[in-house]
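Here's a walk through one protein model, written for someone who would rather look than read tables. Keep the viewer open and follow along.

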Amino acid sequence: MLKNKIGKFITFEGADGVGKSTQVQLLFNQLKSEGYPVYVTREPGGTVFAEHIRKILKEQNTLDPIIEILLIFAARRSHFIEVIKPMLSKGYIVISDRFYDSSLVYQGILKEVSIEKIMTLKYMVMKDFEPDLTFVLDMPAETAHLRTSLRHDKNKDIYDDMSIDNYNRVRNGFLKVAQIFSSRAVVINASGRQEMVLKKILKSLKESIS
């Protein structure tokens, strides 16, 4: 599929309930079966320190937005220097379930932390580093909202229980991000069967990175 095995960084974005984690795993399985060195990670998380912060964020439902974004970027710095950069330097294809685009949407658009502040933190943490390819999984807000409402997951957080209005804000936010970063972001209709969604992702991957 890919011309060589030089490290690539692929991110998955979208509202909760669109199937990101499923597609991350399916893509990992596919690339691994084809012999590519591939590594899966997530945000917030990916390192011991970052997973501790993830736990804090899950447990604190009323964090001040500035505290929240600072914690997220502290976790992101750990993730970036301890996992992403080293694995890319070894030639791995690194697939991350969320990256800084999620901060632009959830903390920027939804919680109204200024985009300028978020981009300043982004530069502090990783300078001009960007994903090679971002898949923005998209579906009607009502569908994603229903999916999350049916979950019986003790690890659900405040974003899983958002109102439908906020789901629409998040969906539109990710579509806006995809438009702004059109050189790396591809919107994938995630409403169909898992196998069909993966087929679209693989086709786009071949066209974008090969």
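Does glutamate 112 count as exposed or buried? At 67% relative accessibility, glutamate 112 counts as exposed. Here, buried means under 20% relative accessible area, exposed means over 50%, and partly exposed is in between, with a 1.4 Å probe and protein chains only.

A word on ground rules: this is a predicted model, where local features need pLDDT of at least 70 and side-chain atom pairs count only at pLDDT 80 or more, while totals for chains, interfaces and linings use all residues. Residues are numbered from 1 along each chain as its sequence is written, and side-chain values use heavy atoms, with hydrogens and water left out.

**The whole chain**

The protein chain has 8 helices and 5 strands. Those are DSSP runs numbered from the N terminus, with helices being H or I of at least four residues and strands being E of at least two. Starting at the N terminus, the order reads β-α-β-α-α-β-α-α-β-α-α-β-α.

How does the radius of gyration of the protein chain fit a compact globule? With 210 residues, such a globule would come out near 17 Å, and the protein chain has 16 Å, which agrees. The radius is taken over C-alpha atoms, and the globule rule is 2.2 Å times the number of residues to the power 0.38. Along the principal axes, the C-alpha atoms fill a box of roughly 45 × 35 × 35 Å.

Of the 210 residues, 48% count as buried. Among contacts with a separation of 6 or more, 78% come from residues 24 or more positions apart; contact means heavy atoms within 4.5 Å. The accessible surface comes to about 10,600 Å², and 54% of that belongs to carbon and sulfur atoms. Those areas come from the Shrake-Rupley method with a 1.4 Å probe, and for residues only the protein chains shown count as cover.

**Strand S1 and its partners**

S1 runs parallel to S3 (residues 93-97), joined by 5 bridges, and isoleucine 10 stands opposite isoleucine 95 in S3. S1 also runs parallel to S4, this time with 4 bridges, and there phenylalanine 12 stands opposite phenylalanine 135 in S4. Two strands pair if DSSP finds at least two bridges between them.

**Helix H4**

Most residues other than glycine have a negative phi, and most peptide bonds are trans. Look at what sits on either side of H4. Arginine 98 is in the loop between S3 and H4, and its phi is near 85°, a positive value. Glutamate 112, in the loop between H4 and H5, has a positive phi of about 65°. Arginine 98 is buried, with a relative accessible area of 10%, whereas glutamate 112 is exposed.

Elsewhere, a cis peptide bond joins glutamate 43 and proline 44, with omega about -15°. Proline 44 belongs to the loop between S2 (38-42) and H2 (48-59).

**Two more stops**

Alanine 178 is found in helix H7. Leaving out residues up to four places away in sequence, alanine 178 touches Val136, Ala185 and Val187. Its C-alpha atom is separated by 20 Å from that of glycine 192, 14 residues apart along the chain.

Proline 140 lies in the loop between S4 and H6 (141-149). With neighbours within four places in sequence set aside, proline 140 is in contact with Arg171 and Ser191. Proline 140 and isoleucine 56 are 84 residues apart in sequence and 30 Å apart in space, C-alpha to C-alpha.

Here are the residue accessibilities side by side.

| Residue | Relative accessible area | Class |
|---|---|---|
| Alanine 178 | 7% | buried |
| Arginine 98 | 10% | buried |
| Proline 140 | 32% | partly exposed |
| Glutamate 112 | 67% | exposed |
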